[in-house]
Amino acid sequence: MLSGFSACPGLFYPTPAQDGTLSRIRIPGGSLNSRQLCAIAQIAHQCGGGYADVTNRANLQIREIHQDIDAGVMKRLQDLGLGSSNPAVDHIRNIMTSPTAGIDSQELIDTHPFVQGWENYIATHPELSGLSAKFSVCFDGGGIVSVCDRLNDITFAAVLIAGKVYFRLYLSVGAKGEPPSDTGILLLPKQCLPVLATLANVYLEHTDITSRRKLRFRELLNALGCDNYLQQVQQHLPFSLFVNQQYPNITSKVSTNNYRHIGIHPQRQPSLYYIGVVLPLGRLETRQMKGLADLAKKYGSDTIRLTPWQNLLITDIPQQWVADVVSELADLGLDSSPKNINSALVACSGKKGCAASATDTKSHALGLTEYLKTRVALDRPVNIHVSGCAKSCAQHSKSDIALLGISWEENNRTTEGYHIYVGNGDCNQKFGREIYQSVAVAELPTLLEQMLKVYKIQRINSSESFGEFANRYAIAQLKHLFASSWQRSGSGAGGRGR
Ligand code: SF4
C-alpha cells in the first residue's frame, strides 16, 4: 500500500479516521459488475466494518479497516478492473456521469465511452499523478437524471443544436462552492477528450507537482484568469475552441435531479426497466452487497450503478421480473420507494469518522428518519442533508433542508445540536437560508415533523419540492407557519436563538 502520498483516500492510499482506516475504491461512472461488488464485500467483511458506503462521487468506501489489505488482494481487485491499473493516479477523483447513461429515455448521448476514455487516458499517463487529488470531471448526456448540478472542476454537458449533439464546457471558477461557469464553448463529442487532456496539461505546467498541497483547479483558474487559461489550452489544440460561440442561449438543462431515479423506471430499451434502490445514508451491509450482486446477475445485465446521490440502480430488468426484484430487495431489507424518508437523506461521516465534526451526524440522521417514517407520509423525496461542519463533504449542492452540526456548553454539559437551513440561499449561503439556530438534537424530530407536515398542506401541488415551497416565503413567514403547528404539538419551548 502507498501511504502519505495523498490527502484523499484511494484504494492504494488508505487514510486514517477515528474509527479505523478508510479505503475508497474508484468506480468510474459508478458502474460495476457482480464480481466486483462481491470482491469489495469480501474485503469489507474480512478487513473492515462489514459494510461499504456509497459516496457522493459514486465511489465505494470501506471504513473501520483494522488490518492491512495485502498486496495479493489489491492485485485481485485490479485484475477485476477495480481501482486504477496505475496506483500513482488512483487518488484522482472518480469520474462522474449520470447513473442512467445509456438507458435514459431522453438523453442526447451515452456518456459511458467518455468516462472509459478518460479513465484509460489517466491510467496510461502517469504524469497526471501531479494533478490535485480533487481534480474532478463530469460528463452529462442531457437526460432526465442530470448531474449538471453536481460540483465538478470540469463539466461537459450535452446540448442539441440543429439536430447535432455538442458538449458545452463548464469550468469551476470564482468562489468555492459556486456552480461551474459556462465558458460558452461548444465541442464536438470527439473533441472532448483532447480538450480535457489539454486542460489537465496546462494545469500541470503551472503547478509545483512536488507540493503536498496542490492548487485546486478553480484556484489556478482564478489566479490565471479563465480566458487566459483557455487561450493557453487553445495553443495546444489543432482545432478552434471558440468557433461555435454563436449559440450563447443554448445551454445545458439547468435541472436538479430531485431523486427522480429512485423507484421503477422504463429504460430507453423497450420492455427493460431499472430500479433505483434507497440506501439509508448510502450504507450497504456485505450481505446486501452480495444479494444485490446476485439480483443483478439473475434478473439484469450483471450491472449495478452507484449514484452520486449515495444510492444505486439495478438495470436492464425485463418487465416480467420487476415485481420479483422488488420482492427480493425487500428480503434484503432494501426498498425502492421515493416515499421512503431515507430516499434523499444524506449525512457526512460525523464524529465517528471525522475529527472536525461537531455532532454524530449519521446516528442523528437515522434517529430522525426512524421517528419521521411513521409520522409523516411523504409522496416525493425530501432531501435532508446533515453535516458535521461547514465543509459540507456529503453534499455540495443545496438541499431541501440542511442541518449544520454545532455543540455548546449548557449546565456544565456539552449539548449537540444543529442550525437549520431551508431551500436556496444566495451563493454565500452555502446551506440555504437559515431558519433556526442551535436546535438541540432532542428537539429535532418534532420540529422536522411539523416542517414537513406544514409543507404538505401549504405546497402549491404535489410536484412542488420542499425547497421550492420554502423559497416562496420569507423566513419570518415560514417560522410563523411552522411555529403555530409546532407549538400546538406541545414542543417548541427549547432551543436557543430561535
Ligand atoms: S463535513 Fe466536516 S465534519 Fe463532515 S466529514 Fe466533512 S470535514 Fe468532517
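**Close-up views of a predicted model**

**View 1. Surroundings of T369.** T369 touches I341, N342 and L345, leaving aside residues up to four places away in sequence; contact means heavy atoms within 4.5 Å. The model is predicted, with local features requiring pLDDT of at least 70 and side-chain atom pairs pLDDT 80 or more, while totals for chains, interfaces and linings use all residues. Residues are numbered from 1 along each chain as its sequence is written, and side-chain values use heavy atoms, without hydrogens and water. T369 belongs to helix 9 (residues 361-372); helices are DSSP runs of H or I with at least four residues, numbered from the N terminus. With a relative accessible area of 2%, T369 is buried (under 20%, 1.4 Å probe, protein chains only). Its side chain reaches the backbone oxygen of L366 at 3.2 Å.

**View 2. The shell around the ligand.** Surrounding the ligand are C348, S349, C354, A356, S357, S387, G388, C389, K391, S392 and C393, where a residue counts if one of its heavy atoms lies within 4 Å. This shell has five nonpolar, five polar and one charged residues (Ala, Val, Leu, Ile, Met, Phe, Trp, Tyr, Cys and Pro are nonpolar; Asp, Glu, Lys and Arg charged; the others, Gly among them, polar).

**View 3. Helix 1 against helix 7.** The axes of helix 1 (residues 34-46) and helix 7 (residues 286-299) come within 9 Å and cross at roughly 170°; axes are lines fitted to C-alpha atoms over the stretch in contact, with angles from 0 to 180 degrees between N-to-C directions. Helix 1 is therefore roughly antiparallel to helix 7 (over 145 degrees). S34, L37, C38, I40, A41, A44 and H45 of helix 1 meet T286, M289, K290, L292, A293 and K297 of helix 7. The residues of this contact divide into eight nonpolar, three polar and two charged.

Definitions and conventions:
Helix = DSSP H or I, 4+ residues; strand = E, 2+ residues; numbered from the N terminus. Buried < 20%, exposed > 50% of the residue type's maximum accessible area, 1.4 Å probe, protein only. Polar contact = N/O pair within 3.5 Å; in protein donor to acceptor, adjacent residues only side chain to side chain. Parallel < 35°, antiparallel > 145°, perpendicular 65-115°, else oblique.
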